[in-house]
Amino acid sequence: MDRGPGEPSSEPSLEDAVELATRAHAGQLDKVGEQYIGHPLRVMRAVADSVAETGVDRVQAQLVAVLHDVVEDTDLALEDLASLGYPPEVVAAVDALSHRPAESVEDYLARVAANDLAIVVKRADMADNSDPARLARLPEDLANHYVLRYAGRSRLLDDLVDERERNARAASDMCPRHVSTTCVHDM
């Protein structure tokens, strides 16, 4: 993100986000004892491969993927991401993906389900966290715990997303001249 004098500022690139996440997660290890940054990078690659069918912006989804744990697991705050120039949509998705202290899993996943970018990233995150090849490196009881944990969370997220879509369709059906998310009668 180095810019010369007089150069206009722009949004951080994907490379900038990778560098930021790498610095932020420096020294952290994942559950199998590898450098933690490998997880956000795998999630970023998975999102890049799957985003076409989701309708979300590919670059924004990759930014969110690589940054998805920086607020929850490092000293960075949402305000830091905003001040660095990350788009509001990216910051909002990182916010949705950041589990708050004492927050129930249901409330957390409801926030995720309300944000299209967060949904895409959370699905890739859970797939990486429950990858059988990685889990095979853990004691069997711990691996089974993670399999059950992420299977349940995946079902809950799917249910919440389905409910959101049903509610949107119902709202659309209630107003025959529905435009985007606003009923023409409300204008």
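The model is predicted. It holds 9 salt bridges. One of them joins Asp 128 and Arg 42, a pair that links distant parts of the chain. Arg 153, by contrast, is buried and has no salt bridge.

**The pair Asp 128 and Arg 42**

- The side chains of Asp 128 and Arg 42 form a salt bridge, with a distance of 2.7 Å from N to O.
- Asp 128 belongs to helix α8 and Arg 42 to helix α2, and the two residues are 86 residues apart.
- Between the C-alpha atoms of Arg 42 and Asp 128 the separation is 7.2 Å.
- Asp 128 counts as buried because its relative accessibility is 11%, which falls under the 20% cut-off.
- Apart from neighbours within four places in sequence, Arg 42 is in contact with Asp 30, Asp 128 and Arg 134.

**Helix α2**

- Helix α2 covers residues 38–50, and Arg 42 is located in this helix.
- The helix has 13 residues and reaches 18 Å from its first C-alpha to its last, close to the 18 Å expected at 1.5 Å a residue.
- Its buried residues are Gly 38, His 39, Pro 40, Val 43, Met 44, Val 47 and Ala 48.
- These buried residues pack against three helices, namely α1 (14–24), α3 (58–67) and α8 (116–129).

**Other salt bridges**

- Asp 30, Glu 34, Arg 134 and Arg 137 are connected in a network of salt bridges; among these residues, Asp 30 and Arg 134 are also contacts of Arg 42.
- Arg 111 and Glu 103 meet through their side chains in a salt bridge of 2.8 Å, N to O.
- Glu 103 is buried because its relative accessible area is 16%, under the cut-off of 20%.
- A salt bridge also joins Asp 125 to Lys 122, whose closest N and O atoms are 2.9 Å apart.
- Both Asp 125 and Lys 122 lie in helix α8, where 3 residues, about one turn of the helix, separate their positions.
- Asp 125 and Lys 122 are both buried.

**Arg 153, a buried charge without a salt bridge**

- Arg 153 is placed in helix α10, which comprises residues 140–174.
- The nearest side chain of opposite charge to Arg 153 is that of Asp 125, 7.5 Å away; Asp 125 itself forms a salt bridge with Lys 122.
- Leaving aside neighbours within four places in sequence, the contacts of Arg 153 are Val 105, Leu 109 and Met 126.

Terms used. Residues are numbered from 1 along each chain as its sequence is written. This is a predicted model: local features need pLDDT of at least 70, side-chain atom pairs count only at pLDDT 80 or more; totals for chains, interfaces and linings use all residues. Side-chain values use heavy atoms; hydrogens and water are left out. Helices (H or I, at least four residues) and strands (E, at least two) are DSSP runs, numbered from the N terminus. Buried means under 20% relative accessible area, exposed over 50%, partly exposed in between (1.4 Å probe, protein chains only). Lys and Arg count as positive and Asp and Glu as negative; His and the chain ends are not counted. A salt bridge is a side-chain nitrogen of Lys or Arg within 4 Å of a carboxyl oxygen of Asp or Glu. Contact means heavy atoms within 4.5 Å. The expected span of a helix is 1.5 Å times one less than its number of residues.
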